[in-house]
Amino acid sequence: MTGKAKQATAATDQHVFMSMSVRVVLERADDRNVNPTRRRQFDHLGTARRELISWAAANEVPLARVEFVVPIVPTDFDAAVWLLFDTHANVARCASNGVTARLEQEFRTILTRSGYPADWLAGTSFFVDSHENVERNYEGSYLYRLR
């Protein structure tokens, strides 16, 4: 696929994703287009992401990224949190030794401590994958992987 064709496909996919999907990655959205309540949610989730990544580094957990996806519906404050380890082998290892569950609990604790509303917290779910998988099977695109 040529560069132009790839860009056109990505733009079309993003448009279809944003207009037809229930969820969309919005964290980097222009502030003028985000209502204040959603911005507050982004602020909480962004802080929790930074703190969890720091916690993981301090505890030698091979967490490569934390991403979150929220509904496009302005009154729905659920959040899908993606914990992305460096390799697929570490996904399996951390699931089996309880580290993944500990990361999920730590993220929830950080949100609670920051004043994240309980009803929003109840709608928080977690998904796990690896950066290695995104590189190998999704052309390195987190947009492709998170949709």
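Tutor: Two strands count as paired if DSSP finds at least two bridges between them. Strands themselves are DSSP runs of E with at least two residues, helices are runs of H or I with at least four, and both are numbered from the N terminus. This is a predicted model, in which local features need pLDDT of at least 70 and side-chain atom pairs count only at pLDDT 80 or more, while totals for chains, interfaces and linings use all residues. Residues are numbered from 1 along each chain as its sequence is written, and side-chain values use heavy atoms, with hydrogens and water left out.

Student: In which sense do S2 and S3 pair, and over how many bridges?

Tutor: S2 and S3 are antiparallel, with six bridges between them. In that pairing, Val 66 stands opposite Leu 83 of S3.

Student: How should I read burial, and how many residues of S2 are buried?

Tutor: Burial is read from relative accessible area: under 20% is buried, over 50% is exposed, and in between is partly exposed (1.4 Å probe, protein chains only). Seven of the nine residues of S2 are buried, so the strand is largely enclosed by the rest of the structure.

Student: What does Leu 83 touch?

Tutor: Contact means heavy atoms within 4.5 Å. Leaving aside neighbours within four places in sequence, the contacts of Leu 83 include Leu 52, Leu 63, Val 66, Leu 103 and Phe 126.

Student: Where does Phe 126 lie, then?

Tutor: Phe 126 is part of strand S4, residues 124-130. Its relative accessibility is 13%, so Phe 126 counts as buried. Residues up to four places away in sequence not counted, Phe 126 touches Val 81, Leu 83, Glu 104, Phe 107 and Arg 108. Phe 107 is 19 residues from Phe 126 in sequence, and their C-alpha atoms are 9.9 Å apart.

Student: What is a nonpolar core, and which residues touch the most other members of the largest one?

Tutor: A nonpolar core is a set of buried Ala, Val, Leu, Ile, Met, Phe, Trp, Tyr and Cys residues joined through side-chain atoms within 4.5 Å. The largest here has 28 residues, and those touching the most other members are Leu 45, Leu 52, Val 61, Leu 63, Leu 83, Leu 103 and Phe 107. Elements giving it two or more residues include helix H2 (36-58), strand S2 (63-71), strand S3 (79-85) and helix H4 (99-113). H2 gives the most, with six residues. Another core, of seven residues, lies apart from this one, and Val 69, Trp 82, Tyr 142 and Leu 146 are among its members.

Student: How do I read salt bridges, and how many are there?

Tutor: Side chains of opposite charge can pair when their charged atoms come close. The rule used is a side-chain nitrogen of Lys or Arg within 4 Å of a carboxyl oxygen of Asp or Glu. The count comes to seven. One of them joins Glu 51 and Arg 113, with the closest N and O atoms 2.9 Å apart. Glu 51 is in helix H2 and Arg 113 in helix H4, so this pair ties together parts that are 62 residues apart in sequence.

Student: Is Arg 113 buried or exposed?

Tutor: Arg 113 is exposed, at 55% relative accessibility, and Glu 51 is partly exposed, at 34%.

Student: Which residue does Arg 145 meet in a salt bridge?

Tutor: Arg 145 meets Asp 129, at 2.4 Å from N to O. The pair links helix H7 (residues 142-146) with strand S4, 16 residues apart. Both count as buried, Arg 145 at 18% and Asp 129 at 6%.
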